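Hello,

Here is the structure I promised to pass on. Please have a look when you find a moment.

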Amino acid sequence: MTFLYQVGIFFYSIFIQIISVFNDKARLFVNGRKNWAESLSQKIDGKAKYVWVHCASLGEFEQGRPVIEELKQQFPEYKIVLTFFSPSGYEIRKNYPLTDIVAYLPLDTKRNATTFLNIIKPEKAFFVKYEFWYFYISELKRRKIPLYIISAIFRENQQFFKETPVGKWYRKMLFKVEHFFIQNEKSGELLKTIGISNFTVSGDTRFDRVAAIANSAKEIPVVEKFKGNSLLIIAGSTWKPDEELLAAFINQSSLKFIIAPHEVSEGNINRIHQLLKKPAISLSKVSENEIDRFQVLIIDSVGLLSSLYRYGNLAYIGGGFGVGIHNILEAATFGLPVIFGPNYKRFKEAVDLTFEGGAVSVSNHADLGQALNNLINNEP
């Protein structure tokens, strides 16, 4: 199975290089890893002690951030290396001030894992939520460097719990982890079925983070003026299927919307504008004097979404027509009812909020219209 894993990583590296010719995000992925060993070596302080924190992308960073902050406060003698797999995390947080080095994680090969750990020589490692990279985990274990998985959540359909050759191979990785900090009791029950008991049910660190976000949300005067006395719907972290669904509703509606897409490239922003028949403006091109003329405000920059929710009455969270929804807690912490697509059941907070009546899943235009109308009519 290890050989097949290596083959899979090899073909992935070829594939991502090919599509990087046509795709901006893939190009960042490839270019960000060029000469990584030399670049990382130049940043390392040979006399320092390091802790390594790894996140897949921006959402996982928000889960790991409270841990980074506590590490910095309680163990100031350690320097922190923060790595990302995805450009969505790295490009936004590459200047995060509480870490000493921010870098892309090299692809998971035996050589890369050995070289990476030779350079940073971490005393401890923290992986967030879903990150299980075979060669990195194996090399950490071989060097007796403790690895902690934080905000982990496990489900029955994951490979770890299947009695197949692939499942058994993946399962071996879990036994190389020093300790799991898991989100719920169900995850603990699943781990026990395969003989793992080194876990603590600590909840989701995002709750700590979103509480801090709510307390430190920025004022955005142009958004406040845009909202005025109108009911405002915030659509956050949207993808193409979300935007097409929302546009069909917006084009028949008089409600005000803010759309903050996951992808803020010029091409994608232009595509969203073309979907809309109602007056729409990008944030970078608007002035407060003319904002009243528009029904839709499109956010063409990053880093504002968590503060935007303070102005909303309802929220639509993107990603539910793809692999899964984005963070709903930032909206929910401001008391906003939440709407998202059908692929949400892997996310405990979404399942719980749906059960409690604070969230609604939609699958098509009719569902979205009904959900919005129901929630709007219930607005105080």
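Below are some notes on a helix pair, a loop residue and a sheet.

This is a predicted model, in which local features need pLDDT of at least 70 and side-chain atom pairs count only at pLDDT 80 or more, while totals for chains, interfaces and linings use all residues. Residues are numbered from 1 along each chain as its sequence is written, and side-chain values use heavy atoms, with hydrogens and water left out.

Let me start with the helices. α6 (residues 110-120) packs on α7 (residues 134-142) at about 45 degrees, and their axes are 8 Å apart. From α6, the contact (heavy atoms within 4.5 Å) is made by Lys110, Asn112, Ala113, Thr114, Phe116 and Leu117, and from α7 by Phe135, Tyr136, Glu139 and Leu140.

Next, a residue worth a click: phenylalanine 161 lies in the loop between β5 (147-152) and α8 (165-174). With 15% relative accessibility, phenylalanine 161 counts as buried (under 20% relative accessible area, 1.4 Å probe, protein chains only). Beyond neighbours within four places in sequence, its contacts include Phe154, Arg171 and Ile194.

Best wishes

Methods:
Axes fitted to C-alpha atoms, helices over the stretch in contact; angles between N-to-C directions. Helix = DSSP H or I, 4+ residues; strand = E, 2+ residues; numbered from the N terminus. Buried < 20%, exposed > 50% of the residue type's maximum accessible area, 1.4 Å probe, protein only.
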